[in-house]
Amino acid sequence: MSQNTLILKHIKKHYNNENEMREVLCDISSEFESGSLHAIFGHSGSGKTTLINIIAGLDRPDGGEVWMGDRRLDTLGPAELALLRAKSMGIIFQSPSLVEHLTVLENVILPVLMYQRKADRNLALSLLERLNMRGKADRFPSKLSEGERRRVSVARGLISSPQLLLADEPTANVDEATGSMIIDLFKDQSRSGSCIVMATHDRNVLEDADRAFWLESGRLDSLHPA
Ligand SMILES: Nc1ncnc2c1ncn2[C@@H]1O[C@H](COP(=O)(O)OP(=O)(O)OP(=O)(O)O)[C@@H](O)[C@H]1O
Ligand SMILES: [Mg+2]
């Protein structure tokens with residue numbers, strides 16, 4: 001097992017809505033290897049974002065364990081989790097939240113500046129180039145389309161070359177060609193050793209993923225390899 005392998009053991013999560021209890025994740029156990037691109041498919045409301053948030057430590061499971069290599073994450077405190085996220089994770093949220101008073105380029109390098117003084121502007125520019133956003137590096141987010149904001153959030157997730165990249169609907173609001181560019185970047189990143197877990201509705205990426213899963217009724221089943 002590599003140090004970066006992500007392991008989920010018996011993850012459970014429920015929500016209470018208006019006195020009604022909903023079991024979103026029932027008993028999820030799985031391993032996500034470093035150097036691999038994993039895709040989690042499922043209908044809207046099946047729990048994909050809930051699972052991504054639990055892996056990121058942004059939400060706590062009711063039961064079960066989350067491990068990265070030999071480190072257990074679900075019992076870490078908020079400060080340790082924040083440091084771990086800054087150093088080892090890239091997160092692309094389903095709703096791309098950019099800092100409105102920073103430029104596109106500044107938004108991309110922001111995660112790196114959180115734990116080291118200098119950021120690699122050239123790497124940020126080359127990521128923006130590959131996403132056809134190089135020409136908008138000095139723009140402010142309010143002047144971008146939804147798909148352009150998505151591309152900036154993708155570059156921001158990749159800038160630290162993270163051990164673990166969590167991507168929630170990374171190809172939403174972009175056309176097929178742009179979606180392919182994003183998946184190509186993910187493939188390159190996984191080849192350099194990252195573990196990538198992507199939640200998606202986008203059936204186009206099924207064959208691109210090294211492993212694909214289906215999340216339904218709180219359970220995660222392997223789609224391929226079967
Ligand atoms: N904070 C919360 N409080 C109560 N219920 C919640 C909360 N977050 C999510 N849920 C419920 O949990 C279920 C799973 O939500 P989740 O956002 O994980 O689904 P999803 O698979 O990501 O959906 P989508 O594809 O639409 O993004 C939904 O029924 C949702 O209403
Ligand atoms: Mg979601």
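This is a predicted model: local features need pLDDT of at least 70, side-chain atom pairs count only at pLDDT 80 or more; totals for chains, interfaces and linings use all residues.
**View 1. Strands β3 and β8 run side by side in the parallel sense.** Strand β3 (residues 36-41) and strand β8 (residues 195-200) are joined by 6 bridges and pair in the parallel sense. Two strands count as paired if DSSP finds at least two bridges between them. Helices (H or I, at least four residues) and strands (E, at least two) are DSSP runs, numbered from the N terminus. Residues are numbered from 1 along each chain as its sequence is written, while chains are lettered from A and ligands numbered from 1 in the order in which they are written.

**View 2. β3 and β8 belong to an open sheet of 6 strands.** Follow the strands in the order β6-β7-β8-β3-β9-β10, where the pairing is mixed. At the edges stand β6 (89-92) and β10 (219-224), each with a single partner strand, so one side of each has no neighbour in the sheet. From one strand to the next, the twist averages 20°. Angles here run from 0 to 180 degrees between N-to-C directions, and axes are lines fitted to C-alpha atoms, for helices over the stretch in contact.

**View 3. An open sheet of 4 strands pairs in antiparallel fashion.** Its order is β2-β1-β4-β5. The edge strands β2 and β5 (71-72) each pair on one side only. Strand β4 (residues 63-68) runs antiparallel to β5, and 2 bridges join them. Look for Met68, which stands opposite Arg71 in β5.

**View 4. Helix α1 is largely enclosed by the rest of the structure, because 7 of its 9 residues are buried.** The buried residues are Lys48, Thr50, Leu51, Ile52, Ile54, Ile55 and Ala56. A residue is buried if 20 or more other C-beta atoms lie within 10 Å of its own, exposed if 12 or fewer, and partly exposed in between, with C-beta atoms placed from the backbone. Just after α1 comes Gly57, with a positive phi of about 75°.

**View 5. Helices α5 and α6 are roughly parallel to each other.** The axes of α5 (residues 146-158) and α6 (residues 176-191) come within 12 Å and cross at roughly 5°. Angles under 35 degrees count as roughly parallel, over 145 as roughly antiparallel, 65 to 115 as roughly perpendicular and the rest as oblique. Gly147, Arg151, Val154 and Leu158 of α5 make the contact with Thr178, Ile182, Leu185 and Gln189 of α6. Two residues are in contact if their C-beta atoms, placed from the backbone, lie within 7 Å.

**View 6. Asn132 has a positive phi, near 60°.** Asn132 sits in the loop between α4 (121-130) and α5. With 13 other C-beta atoms within 10 Å, Asn132 is partly exposed.
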